[in-house]
Amino acid sequence: MGTATKRPVVLAAVTLALVGCSAGSTADSAGSAQEGNALAVGMVAEPTNLDFTTTDGAAIPQALLTNVYEGLVKVDESGAIVPALAKSWTISPDRRTYTFELATDATFSDGTPFTADDAVFSIERVKQDWTTSLAAAMDVVTSVKATSPAQVTVTLARPSNDWLYRMTTRIGAMFSRTGVDSLATKTVGTGPYTVDTWKRGDSLKLKRNPHYGGTAPYFDSVTLRYYKDPTALNNALLTGSIDVISTVQAPESLAQFTGDERFVVTEGTTNGEVVLSFNSARPPFDDVRVRQAARAAIDKKTLLATCWAGRGHLIGSMVAPTDPWYEDLTGVAPYDPAKAKALLAKAGTPNPAVRLRLPTLPYATSCGQVVKSDLEKVGFKVTLDQLEFPAAWITQVLRGGDYDASIIAHVEPRDLPTLYGNPKYYLHYDNKKVREAIAAADAGDEATQVAKMKEAARVIAEDAASDWLFLLPNLTVADKDITGLPKNSLSESFDLTGLARS
Amino acid sequence: MTLSALARRLWVLAVSVLVSSVLVFAFMQVLPGDPARVALGINASEEAVAQLRADYGLDRPLPTRYLEWMNGLAHGDLGVSYLSHLQIGPLIADRLGVTAWLVGAGMLVACLVAVPLGVLAAVRHRRPSGVALAAFSQVGVAIPAFLAGILLITVFAVHLRWLPAGGWSAPSSDPVAFARALVLPALSLGLVQGAVLTRYVRSSVLEVLREDYLRTARAKGLLPLPALVRHGLRNASIPVVTVLALQLTTLLIGAVVVERVFVIPGLGSLLLDAVGSRDLLVVQNVVMVLVLAVLAVNALVEVCYLLIDPRMRVRRS
C-alpha cells in the first residue's frame, strides 16, 4: 500500500495512508511488549523487502536509515545538516569539491571497519546499481576519491547545495563492500542496530549492533510492528502491545489518548505539504486568474479544523517552516470569496467545470469534500473522483496528467524544485523566473540559496501555482515514560537511537 | 452409475479450474497500475521501468505468460514475488496455515453456537424463548464480521484488557499467546456464521420434528428433546452439514476482513498488501488458491450428495 512516499514526490503519502507487523524471539505481537529492555513501536507501512537501492517507498528507509545504515551527514531536529559518519567537511571556493573527514571508530555490523574506500564504493554504487528514481540526485557527482583512509573527496559537475542535502537521505547511506550481496534480506550497516528477525506481515525486530562505534542505544531491541488499520494501531497502544505510535493516522482519534494519563501526545511538523494541485496545462487552470480564484475561495483555517481536527500548520507556499528560507506567505492569498467571484468573472468563466481527482488517502478524501464545497460557493462546478492510491492515481494523474485538480501530500523534503521547476511534471507549471531562481539557489552560497529560494516560493504563491492546504503534523503518542522521541519528522528515518525509558 | 457420475463431476471441476485460471489471469491484466512503476517510484525513468518490466517478464506476450504460469503451477512452482523477492509457494503456504487456524476456530465457534441454539429454537418454536432465539439469530446474521470484531476488541481488549486487541503468535513458538490471540478473531468470525447456521439448524430440526417417525417416538412417551436427540438429529444434520461446507467459502472471505481488523498475518493480509503494491504474481496466485479451495469444497459437497442420496445419481445420469 500504500507504500512509496519519500520518493521524489508523493510516495510518502502512502505511509500516511495505510497499515503493519510482529515480534522476534522475546516477544510476540500478541504478548506484552516490555520483556527485558525492549521497545515496541507501531508503524504504518511495512517494508516489502530491505533493499532501498532497488525498491522505492518510505517504509524501508523509515525502519533502516540512521538505525541500521548511516550516512556521512544527516539532518537534525531543526532541519540543519549535521555530521554523522563524516566528522566534518569543507567545500571548495568554486563549490564543486566536498572533502569529508570520516569518523575512524565506525564499524559495520559484520565487524569490518568503515573506511574511505567504503564511502567511495557506496557513492559510486548509487550511480551504477541503484534503480529507483531517487538515485538521480547522485548524477551531479563526477568523481569520488579516497584521499586517505579517513578522507573522501567528491567532485560535482556543477555547484549544487541540493546534493549535500540529498546525502542526508537514503542515497547517502554507507554500505560495506562485502555486504551488498543480498540486500533484500540481509543488512550490513554501521548504525546502532541490526535486523534481528522479520515476521512478514507482522513485525521487524532490530537488536543492538555489537560492533557499533558510538554510544550504545538504551534499548537492547526495538520491534517495529506494522498496522494497516489506524484503529488497530491505536488499540495496540491502548492495550499495551506497543509503547509508541510513530504516526497517528487519524487526528480525530487523539482524544482517547489526550485524556489518558498513561500517554503523552506530541505534535511536531513534517515536510508533507498537502497540495491542492492544479493542472496548468489545460483549462480552466491554465488561466492564472482561475487558479487565484480557487485559492481565494478556500478557507484553509476552517478546512484544517474540519478535515484534520485542526492539527497541522497553514502554509502559503511550498516551504516547510523548518527550512531556512521559510517565510509566512499565507497572506498572499487570503480567504476572500467575493474576490474569487470577481476573478472568475474577469477570466470570462464564471462557472468553470473542474474534475477533482482524489487519491484514496485519509486527508485527501476528508478534505476533498470541503474543497469541493468551498469552490462551488464561488461558482466552480466540481466533479469528485476517487482513485485508488498509489497505483491508479500514479497511472492516471501523475503519469497520465488526466485531471484538472487533485489533492496529495508531497512529503519529500525541499521539493519545491521537483514540483515547480520542471514543466513536464504533472502540474505542468512553467515559469522561467522560478526555474532561474531555483538554479541560482542550488549553485550559490548559503545566503544566495536562502534569498533565491524565498524568491521562488513567493513567485509560485503569487502565481497560484497550486493551493497549499496545510502542512501535515507529526503526531506521535507514547507511554509517558518514553523519552527521546523525535518531535518533528524531517528525515526519511524514524530515528530510534535516542529513545529511552525514564 | 456412481462412477460415471463421479467422472462427470471431476470433468466439470477440471473445466472450472481452467476457466477460473484464465479469468484470474485476465483480471490481473486489467488492474490499473504498473508493478514496475510502483516498485521504482513515481519519477523513475522509462528505461528503468522498461528494464524492470523485462526482469519481471511483463514484456512477454500474454499467452506465453499464462502458459508459463500454468506450467509452473502444475509443477508446484508459483514464481517469485516482485517486491519481496521471495518464493511465492512457501509464502502462501505460510499464510494459509494462519488462515486455516482462523477458519477452523471460526467454524468450531459457529457449530458450538448454532447446534444447541438451533435445536432449542426449533423445539420451542411456539414459545417466547424460541421466538426470541430466532430473532436473535436474525440480528446476528445482519452483523458483519468486522463489526463484531471491532465490538469484541472494544469490550474485551481495550476496556476489560482480558485479551490482546490483535497480533499473532505461532502455536509452536508460544501456545498461550497463540490461544489468546485466536479467541477474539474466532469469536467474531464464528458468532456471525453461527447465527446464520442457527437458522438452518432450526428449520432443519423443525422439519424433522414433523416427521412421522418422530411423532411415533413421542407417542411412545419420549419428551420432545430426547426424542429428537435419539431419532431425529442425524437426519436433521444432513442439510446442516451441507450448509456448513458451503459456508467455508464465506468464512474464508470473512477471514480476509477479520485478519485486517486483528492484524493477523494470514492469506487475507497477504492478498490486500499485494493488491496495494501491485505485486501481481502474488495476487494472481493467492486468488487462484482461494478459487481452488472454493471449487474443491463445492465438488466435495456434490460428491457427498452422490454418495449419500441415490436419487441424485439417478437424476443426473
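**Exercise 1.** Identify which residues touch the most other members of the largest nonpolar core.

*Solution.* A nonpolar core is a set of buried Ala, Val, Leu, Ile, Met, Phe, Trp, Tyr and Cys residues joined through side-chain atoms within 4.5 Å; buried means under 20% relative accessible area, exposed over 50%, and partly exposed in between (1.4 Å probe, protein chains only). The largest such core has 88 residues, and A:Ile242, A:Ile245, A:Phe257, A:Val477 and B:Val286 touch the most other members. Its largest share, twelve residues, comes from helix α5 (residues 88-123) of chain B. Apart from it lies another core, of 74 residues, including A:Leu358 and A:Phe380.

The model is predicted: local features need pLDDT of at least 70, side-chain atom pairs pLDDT 80 or more, while totals for chains, interfaces and linings use all residues. Residues are numbered from 1 along each chain as written, chains are lettered from A and ligands numbered from 1 in the order written, and side-chain values use heavy atoms, without hydrogens and water.

**Exercise 2.** List the contacts of B:Val286 beyond its neighbours within four places in sequence.

*Solution.* Contact means heavy atoms within 4.5 Å. With those neighbours set aside, B:Val286 is in contact with B:Ile92, B:Leu267, B:Leu270 and B:Leu271.

**Exercise 3.** Is A:Pro159 buried, partly exposed or exposed?

*Solution.* The relative accessible area of A:Pro159 is 22%, so A:Pro159 is partly exposed. Setting aside neighbours within four places in sequence, its contacts are A:Asp94, A:Arg95, A:Arg96, A:Asp442 and A:Ala443. A:Pro159 and A:Ala447 are 288 residues apart in sequence and 14 Å apart in space, C-alpha to C-alpha.

Terms used
Helices (H or I, at least four residues) and strands (E, at least two) are DSSP runs, numbered from the N terminus.
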